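Let's take a walk through this structure together, from the overall outline down to single residues. Please keep the 3D view open as you read.

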Amino acid sequence: MSALFEIQNLHAYYGKSHVLHGVDLVVNQGEIVSLLGRNGVGRSTTVKAAMGMVEATGSLRFKGEECLGLKTFELAQKGVAYVAEGRDVFPTLTVAQNLLLGEKRTGQSRWNADDMYRLFPHLKARQHVAAGVLSGGEQQMLALCRSLMGDPDLIMIDEPTEGLAPQIVALVAEFLKELVKRGVSVLLIEQKLDIALKISQRVYVMGHGKIVFEGSPQTLQSDVAIHKEWLAV
């Protein structure tokens with residue numbers, strides 16, 4: 001597989017607080033890669049730094065081009081999408097209007113609103129409803145779908161299943177697998193180990209702002225020491 005997205009020696013800071021300490025991470029073309037770890041270890045900071053939202057040093061390469069220091073919208077234009085934790089939708093706009101805002105402005109896209117409604121029939125039934133009155137699960141679906149409307153090659157998703165009912169979690173997992181079928185690579189931050197290990201090709205575990213494990217889901221499942229030290233609650 002060829003590397004699509006490469007982070008090397010990434011350090012990130014909130015003011016004087018040094019949060020990331022030399023993170024190295026790769027997402028290859030056609031992969032779902034999960035970034036695991038307890039809350040507060042730097043997983044969200046990693047993707048925010050990659051998206052130009054946090055002060056950072058090091059190297060970030062997308063499709064072989066150095067991108068660290070670019071603004072968030074510039075990365076989006078290059079084909080990197082980010083779905084933040086917290087279901088960030090435009091509450092006063094309808095579902096259809098939210099999707100329209102995310103639409104790619106030039107050239108052809110792999111995705112359109114009909115694709116989104118097929119993947120998530122809940123949204124089709126609610127397409128003329130204001131996003132602010134949707135359930136938490138429906139808002140999460142909408143946030144994921146809106147990011148896809150820009151036709152990214154890589155999507156970074158922070159805790160997409162948090163607080164969702166089991167049937168909606170299963171829908172999100174199927175959605176992520178559908179992305180890869182259409183040529184979109186995924187970097188997933190996820191607390192639910194069963195979901196992450198089931199759908200990922202590779203996983204990273206983070207602790208104290210560093211990567212402490214990288215390998216296959218099968219290798220992680222059999223590594224009792226890593227589970228105990230960095231994942232067990």
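A word on the source comes before the tour. This is a predicted model, in which local features need pLDDT of at least 70 and side-chain atom pairs count only at pLDDT 80 or more, while totals for chains, interfaces and linings use all residues. Residues are numbered from 1 along each chain as its sequence is written, and side-chain values use heavy atoms, with hydrogens and water left out.

Let's begin with the chain as a whole. The C-alpha trace spans about 50 × 35 × 35 Å along its principal axes. The radius of gyration is 17 Å, which agrees with the value near 17 Å for a compact globule of 233 residues; the radius is taken over C-alpha atoms, and the globule rule is 2.2 Å times the number of residues to the power 0.38. Of the 233 residues, 49% count as buried, meaning under 20% relative accessible area, whereas exposed means over 50% and partly exposed lies in between (1.4 Å probe, protein chains only). Contacts (heavy atoms within 4.5 Å) tell a story too: among those between residues at least 6 apart in sequence, 69% join residues at least 24 apart.

Now turn to the sheet. Six strands form an open sheet with mixed pairing, in the order S6-S7-S8-S3-S9-S10; two strands pair if DSSP finds at least two bridges between them. At the edges are S6 (80-83) and S10 (210-215), each of which pairs on one side only. Strands of a sheet pair through backbone hydrogen bonds, either parallel or antiparallel. For a parallel example, look at S3 (residues 32-36) and S8 (residues 185-189), which pair over four bridges. There, Ser34 has Leu188 in S8 as its bridge partner.

Helices lie across this sheet. Helix H1 (residues 43-50) lies across S3, S6, S7 (154-158), S8 and S9 (202-207), and runs at about 140° to S8. Helix H6 (residues 136-148) lies across S6 and S7, at about 170° to S6. For these angles, axes are lines fitted to C-alpha atoms, for helices over the stretch in contact, and values run from 0 to 180 degrees between N-to-C directions.

Which residues have the most contacts inside the largest nonpolar core? They are Phe175, Leu176 and Leu179, in a core of 36 residues. Such a core is a set of buried Ala, Val, Leu, Ile, Met, Phe, Trp, Tyr and Cys residues joined through side-chain atoms within 4.5 Å. H7 provides the largest share of this core, seven residues. Leaving aside neighbours within four places in sequence, Phe175 is in contact with Leu119, Phe120, Leu144, Cys145 and Leu148. A second, separate core has 30 residues, including Leu10, Val23, Ala49 and Leu154.

Finally, visit two loop residues. Asp153 lies in the loop between H6 and S7 and counts as buried because its relative accessibility is 17%. Beyond neighbours within four places in sequence, its contacts include Lys63, Arg110 and Ser185. Thr161, in the loop between S7 and H7, is buried with a relative accessible area of 2%. Not counting residues up to four places away in sequence, Thr161 touches Val169, Val172, Glu190 and Lys192.
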